[in-house]
Amino acid sequence: MHILLNEDEIAYIEGESGTIALAKTKGHFFYLETEQKEIVLFTEPEDLMVASSFGRGEKIRRGLHCTLFQLRELEAPLIVLPKGHPASPRLKTVVSIGPSTRLSCTILPGTHPEQNVLCGSEEFHGLEIIAEPEGAEVRGWPAGGQIASVTVERF
């Protein structure tokens, strides 16, 4: 599936139990904070910020939008929790930034400094989102996976 996406837009992929949001990085750089060090992520204008949340509906979409806005526009750091951190199960939104993101339902939310893997609901397991100059390519939809809706709005 191809999603056309400009730098001033955000796309939402809503499934039966989860929602994914996509926005362009606009070539910004981002701070990734781990327990041991600070890493600077440099991006290309076509790279994507991919946010995932368990749940759906207007409240979830607003939360995803706020998270991406804080990272891109307010330059908030992206924080990685250590494995086993008690806050991990309480995270409502997790984010990956880069040219491609693979979603997995087998990892703990917020504990992976690798920016090519992201925790997502079971229905999105194995999905790969690849940045393209004109938007994103979404590959590997699991057998039986259902998309409730894909919407693109102003960021």
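**Entry 1: strand β6**

I began with β6 and found that 6 of its 7 residues are buried, so this strand is largely enclosed by the rest of the structure. By buried I mean under 20% relative accessible area, by exposed over 50%, and by partly exposed anything in between, with a 1.4 Å probe and protein chains only. Strands here are DSSP runs of E with at least two residues, helices are runs of H or I with at least four, and both are numbered from the N terminus.

I noted before going on that this is a predicted model, in which local features need pLDDT of at least 70 and side-chain atom pairs count only at pLDDT 80 or more, while totals for chains, interfaces and linings use all residues. Residues are numbered from 1 along each chain as its sequence is written, and side-chain values use heavy atoms, with hydrogens and water left out.

I then looked up the partners of β6, taking two strands as paired if DSSP finds at least two bridges between them. β3 and β6 run antiparallel and are joined by 7 bridges, and within that pairing I found A21 opposite A51 of β6. β6 is also joined to β8, residues 94-98, by 5 bridges, again in an antiparallel arrangement, where V50 has S96 of β8 as its bridge partner.

**Entry 2: the nonpolar cores**

Next I looked for nonpolar cores, each being a set of buried Ala, Val, Leu, Ile, Met, Phe, Trp, Tyr and Cys residues joined through side-chain atoms within 4.5 Å. The largest has 18 residues, and those with the most contacts inside it are I13, I20, L22, L48, V50 and I129. At least two residues of this core come from each of β2 (9-14), β3 (18-24), β6 (48-54), β10 (117-119), β11 (128-132) and β12 (135-139). Another core, of 17 residues, lies apart from it and includes M49, L71, V80 and F155. I wrote beside this that in soluble globular proteins nonpolar side chains tend to be buried together.

Leaving aside residues up to four places away in sequence, I20 touches A11, Y12, I13, V50, A51, L64, L103, F124, L127 and I129.

**Entry 3: helix α1**

Helix α1, residues 58-72, has 15 residues and reaches 21 Å from its first C-alpha to its last, which is close to the 21 Å expected at 1.5 Å a residue; that expected span is 1.5 Å times one less than the number of residues. The buried residues I listed in α1 are R61, L64, H65, L68, L71 and R72. They cover an arc of only 130° around the axis, so they sit on the same side of α1, the arc being that of the directions from the helix axis to the C-beta atoms. On the other side of α1, I found K59 and R62 exposed.

**Entry 4: an open sheet**

I traced an open sheet of 5 strands, in the order β1-β12-β11-β9-β10 and with mixed pairing. Its edge strands are β1 (2-4) and β10, each of which pairs on one side only. β1 and β12 run antiparallel and are joined by 3 bridges, with H2 standing opposite E137 of β12.

I looked up L5, which lies in the loop between β1 and β2 and is buried, with a relative accessible area of 2%. Not counting residues up to four places away in sequence, L5 touches I10, A11, L22, A23, K24, L48, E134, G135 and V152.

K26, in the loop between β3 and β4 (29-33), has a positive phi of about 60° although it is not a glycine, and K26 is partly exposed at a relative accessible area of 30%. E75, in the loop between α1 and β7 (78-79), also has a positive phi, near 60°, without being a glycine, and E75 is exposed at a relative accessible area of 60%.

I finished with F42, which belongs to β5, residues 38-42, and is exposed, with a relative accessible area of 68%. F42 touches H28 and F29, residues up to four places away in sequence not being counted, and the C-alpha atoms of F42 and F30 are 6.7 Å apart in space although these residues are 12 apart in sequence.

Technical notes:
Contact = heavy atoms within 4.5 Å.
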